[in-house]
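The sequence and the model are shown first, and the description follows.

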Amino acid sequence: MCVAYPGKVLSVEMDHARVDFTGSVVPVNVSMVSVQPGDYVLVHAGMAIQKVETEEAKEWIALFRDLEEVTDGVAEESVSAASAANGKRGASVSEESHRFALSASAEGEINHA
């Protein structure tokens, strides 16, 4: 499944624009659409594929934010359950990630120990 995400055009220079995606500013190819600063575009794979009205873009952004909140909660519950099942109740997700990264960088390869 492919997903396009809405962003606000900050500036345009030839076929490229700087687009703000809720705080992350990214270069986007806008050769398929005619845009100016202040416009909202749907972007897929670094390419603006459609210009959208401001209200529609804000609705999309709110929807994605809601989905992120729901999926973050599910992911946290899954990690907590897996940690409990493995007897690692005292370690947080970030502690486990940090140990994993240190182990991988120390040995030059991925080590799940």
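The structure, a predicted model, holds three aromatic pairs. Rings of Phe, Tyr and Trp (its six-membered ring) pair if their centres lie within 6.5 Å, with planes under 30 degrees apart counted as stacked, over 60 as edge-to-face and the rest as tilted. The pair of Tyr5 and Phe21 is tilted, because the ring centres are 6.0 Å apart and the planes stand at 55°. This pair links distant parts of the chain, since Tyr5 belongs to strand β1 and Phe21 to strand β2, 16 residues apart. Tyr5, Phe21, Trp60 and Phe64 form one aromatic cluster.

In this model, local features need pLDDT of at least 70 and side-chain atom pairs count only at pLDDT 80 or more, whereas totals for chains, interfaces and linings use all residues. Residues are numbered from 1 along each chain as its sequence is written, and side-chain values use heavy atoms, with hydrogens and water left out.

**Overall architecture**

The secondary structure comprises two helices and five strands, and along the sequence the pattern is β-β-β-β-β-α-α. Helices (H or I, at least four residues) and strands (E, at least two) are DSSP runs, numbered from the N terminus. The protein has 113 residues, of which 23% count as buried; buried means under 20% relative accessible area, exposed over 50%, and partly exposed in between (1.4 Å probe, protein chains only). Its accessible surface comes to about 8000 Å², and 55% of that surface belongs to carbon and sulfur atoms. These areas come from the Shrake-Rupley method with a 1.4 Å probe, and for residues only the protein chains shown count as cover.

**Strand pairing**

Strand β1 (residues 5–13) pairs with β4 in the antiparallel sense over four bridges, and Lys8 stands opposite Tyr40 in β4. β1 also pairs with β2 in the antiparallel sense, over five bridges. Two strands pair if DSSP finds at least two bridges between them. Val9 has Val19 in β2 as its bridge partner. β1 and β2 form a hairpin with two residues between them, and in the turn Met14 has a positive phi of about 60°.

**Nonpolar cores**

Which residues make up the largest nonpolar core? The core has 11 residues in all: Val9, Ala17, Val19, Phe21, Val28, Val30, Val33, Val35, Val41, Val43 and Ala48. A nonpolar core is a set of buried Ala, Val, Leu, Ile, Met, Phe, Trp, Tyr and Cys residues joined through side-chain atoms within 4.5 Å. Both β2 (16–21) and β4 (40–44) supply at least two residues of this core, and β2 gives the most, with three residues. A second, separate core of six residues includes Ala4, Tyr40, Leu42 and Ile61. In soluble globular proteins, nonpolar side chains tend to be buried together.

Within the largest core, Val33 is in contact with Val41, Ala48, Ile49, Gln50 and Lys51, leaving aside its neighbours within four places in sequence. Contact means heavy atoms within 4.5 Å.

**Individual residues**

The table lists relative accessibility for several residues.

| Residue | Relative accessible area | Class |
|---|---|---|
| Tyr5 | 24% | partly exposed |
| Arg18 | 44% | partly exposed |
| Phe21 | 14% | buried |
| Thr22 | 52% | exposed |
| Asp39 | 14% | buried |
| Ala45 | 73% | exposed |

Arg18 is found in strand β2. Leaving aside neighbours within four places in sequence, Arg18 is in contact with Lys8, Val9, Leu10, Ser11, Val25 and Val26.

Asp39 lies in the loop between β3 (24–29) and β4. Its side chain reaches the backbone nitrogen of Gln36 at 2.8 Å. Such a polar contact is a pair of N or O atoms within 3.5 Å; within protein, one must be able to donate a hydrogen and the other to accept it, and residues adjacent in sequence count only if both atoms are side-chain atoms. Not counting residues up to four places away in sequence, Asp39 touches Gly7, Lys8, Val9, Ser34 and Lys51.

Thr22 is not a glycine, yet has a positive phi of about 45°, and its place is in the loop between β2 and β3. Ala45, also not a glycine, has a positive phi of about 55° and is placed in the loop between β4 and β5 (47–52).
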